[in-house]
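Please work through the following exercises with the structure open beside the text. Each task is followed by a solution that goes step by step.

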Amino acid sequence: MGEVRGLVEDFYGRVRQDDLIGPVFEGAVHDWPEHFDNLTLFWMTITNGAHPDIPNYKGRPMAKHFPLDLNPAMFERWLEIWVAVTGERFDALRAEILREKAYRIGQSFQAALFFKPEFMGKG
């Protein structure tokens, strides 16, 4: 659990300092220690699955992002920072697994947040 907590704190420490996405997080998160607790559980659950000895994340992260003023460039920056931090903290294989998970999460969030049905072709 400690290495995931360290990843979360390092990553969001950098996110908070970023000119593009830092202001969004600073405006949305009011209790960083609690946020770190939630994100640690989130990433533990995402990477390790359910575990009987560790509490599992039970939040609804997608819903928390709907009210935020986000755009695709912000997701790119989020992933850029994630790639850098995972590359510094983990071996190549573990970093790649974490990157793939983050990429898929980002894609899912963007699909939900930016879906434009008017661009769908008529069948």
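This is a predicted model: local features need pLDDT of at least 70, side-chain atom pairs count only at pLDDT 80 or more; totals for chains, interfaces and linings use all residues.

Residues are numbered from 1 along each chain as its sequence is written, and side-chain values use heavy atoms, with hydrogens and water left out.

**Exercise 1. The fold**

Solution: Of the 123 residues, 31% are buried, where buried means under 20% relative accessible area, exposed over 50%, and partly exposed in between, with a 1.4 Å probe and protein chains only.

**Exercise 2. The core**

Task: Identify the residues with the most contacts inside the largest nonpolar core.

Solution: A nonpolar core is a set of buried Ala, Val, Leu, Ile, Met, Phe, Trp, Tyr and Cys residues joined through side-chain atoms within 4.5 Å. The largest one has 30 residues, and Phe11, Tyr12, Trp43 and Trp78 have the most contacts inside it. At least two of its residues come from each of H1 (2-17), H2 (22-28), H3 (32-48), H5 (72-89) and H6 (92-114). Beyond its neighbours within four places in sequence, Phe11 is in contact (heavy atoms within 4.5 Å) with Trp78, Ile81, Trp82 and Val85.

**Exercise 3. A helix pair**

Task: Decide whether H5 and H6 are roughly parallel or roughly antiparallel.

Solution: Axes are lines fitted to C-alpha atoms, for helices over the stretch in contact, and angles run from 0 to 180 degrees between N-to-C directions. The axes of H5 and H6 come within 10 Å and cross at roughly 170°. Angles under 35 degrees count as roughly parallel, over 145 as roughly antiparallel, 65 to 115 as roughly perpendicular and the rest as oblique, and H5 and H6 are therefore roughly antiparallel to each other. Residues making the contact include Trp78, Leu79 and Trp82 of H5 and Ala102, Tyr103 and Phe109 of H6.

**Exercise 4. One residue**

Task: Determine whether Ala102 is buried or exposed, and which residues Ala102 touches.

Solution: Ala102, found in helix H6, has a relative accessible area of 1% and is therefore buried. Not counting residues up to four places away in sequence, Ala102 touches Trp43, Trp78, Leu79 and Trp82. Ala102 and Trp78 are 24 residues apart in sequence, and their C-alpha atoms are 9.2 Å apart in space.

Note on methods. Helices (H or I, at least four residues) and strands (E, at least two) are DSSP runs, numbered from the N terminus.
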